[in-house]
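I opened my notebook today to look up a few helices and a couple of residues. Come along and check each entry as we go.

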Amino acid sequence: MFILRFLARRLLQGALIVFLVSALIFTLLRVVPGDPVRLMAGGMAPEALIEQIATDMGLRDPIYVQFARYMAGVVQGDLGQSFVRPANGAAVGGASFDDTTRGERAEVLDLIADTAPMTLQLALLAMVFALMIAVPIGVWGGLRPGQWPDRMALYLSSLFVSLPNFWLGIVLALFLSVKLQLLPAIGYNGFAYTILPALVLAVEIAPFIIRTLTVSVAGVMSQNFIDIARLRGLSRNQIIFRHALKNSSVPLLNLLGVQFSMLLGGVLVIEFIFDYPGLGLLTINAVMQRDFPLIQGIAIVTAAVFVLINILVDLAATAIDPRLEY
């Protein structure tokens, strides 16, 4: 019963969050200056044609009418069609208004479905790299509070967090790709193209994991039940792996849930630098082209994924520590 009540409450909260995000993004896109219909029709289209297209698409209706119509489609799984991308995948902004290739618009859901697996692959690899870097440093620092491993964990996390990701991405691309020719850097033509941007993201995520683990492990090791475990004759390794790491995993799990949700939302700067065809690059192109339905669709999908991941994280944390209440 607890799980059912928990899921019902969190799903209702998640639905409200997604609705509020949708309303906010929808409203902001329609009050900012500029007319997306001009991009759709082309720079040479006459003003009468611009108004006709806008009226036919309902873009001159009141905002609340447009939003109600849009949400009616969303609840049926229809995120609309892109303003500037035809079904063949090309961008058509700025083309002639009588271009016959403008007829079929790409579905927003299809565009997101095409790029989401790329961002998922990048996010998973970045998370693996981050854990490989951060877990040994963080656990070691937590087991030696106040000593040099703890200070080293602090210094390394401070160094990592102070490196701008755009600068680190450019430096690593020049060094590992251009100079040493070890890894490809630009575009995507296989899994190897994911490694370099994933390394940059891992360095960006690692300091938060290091500090979380250091503080958490140190706090657990100072608890009374650790002293009792020693009196029972458990070895140091048994205490660390059976008790310390298990009890330290809950705050780490919460942090990983937030970080992973942010990665799945699309890492704009990194995907732009490496021309990586994920949600981040799709979002940048959509904003530059004022592609309202695509921006709205990405925001809704990202918000929904964020909600679902946090629900799963809370369930996993409750399974690890039944004392927790959500």
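Predicted model: local features only at pLDDT ≥ 70, side-chain atom pairs only at ≥ 80, totals over all residues.

Entry 1: I looked up helix α8, which covers residues 192-221 and has 30 residues. From its first C-alpha to its last, α8 reaches 40 Å, close to the expected 44 Å. I also found a kink of about 35 degrees at I205, shortly before the proline P207.

**Entry 2: two helices that meet.** Two packed helices are described by the angle between their axes and the distance between the axes. I looked up both for α5 (residues 108-143) and α12 (residues 279-288): the axes come within 8 Å and cross at roughly 135 degrees. That makes α5 oblique to α12. Which residues of α5 meet α12? I noted L111, I112, T115, A116 and T119, and on the α12 side L279, G280 and L282.

**Entry 3: Q66.** I found Q66 in helix α4, residues 63-74. Is Q66 buried or exposed? Its relative accessibility is 6%, and buried means under 20%, so Q66 counts as buried. Leaving aside neighbours within four places in sequence, Q66 is in contact with F26, R30, G58, L59, R60 and D61.

**Entry 4: S22.** My last stop was S22, in helix α1, residues 2-31. S22 has a relative accessible area of 5% and is buried too. Not counting residues up to four places away in sequence, S22 touches F67, M71 and I300.

Notes: Residues numbered from 1 in each chain as written. Heavy atoms only, no water. Helix = DSSP H or I, 4+ residues; strand = E, 2+ residues; numbered from the N terminus. Expected span 1.5 Å × (residues − 1). Bend = angle between axes of the 7 residues up to and from the residue. Axes fitted to C-alpha atoms, helices over the stretch in contact; angles between N-to-C directions. Parallel < 35°, antiparallel > 145°, perpendicular 65-115°, else oblique. Contact = heavy atoms within 4.5 Å. Buried < 20%, exposed > 50% of the residue type's maximum accessible area, 1.4 Å probe, protein only.
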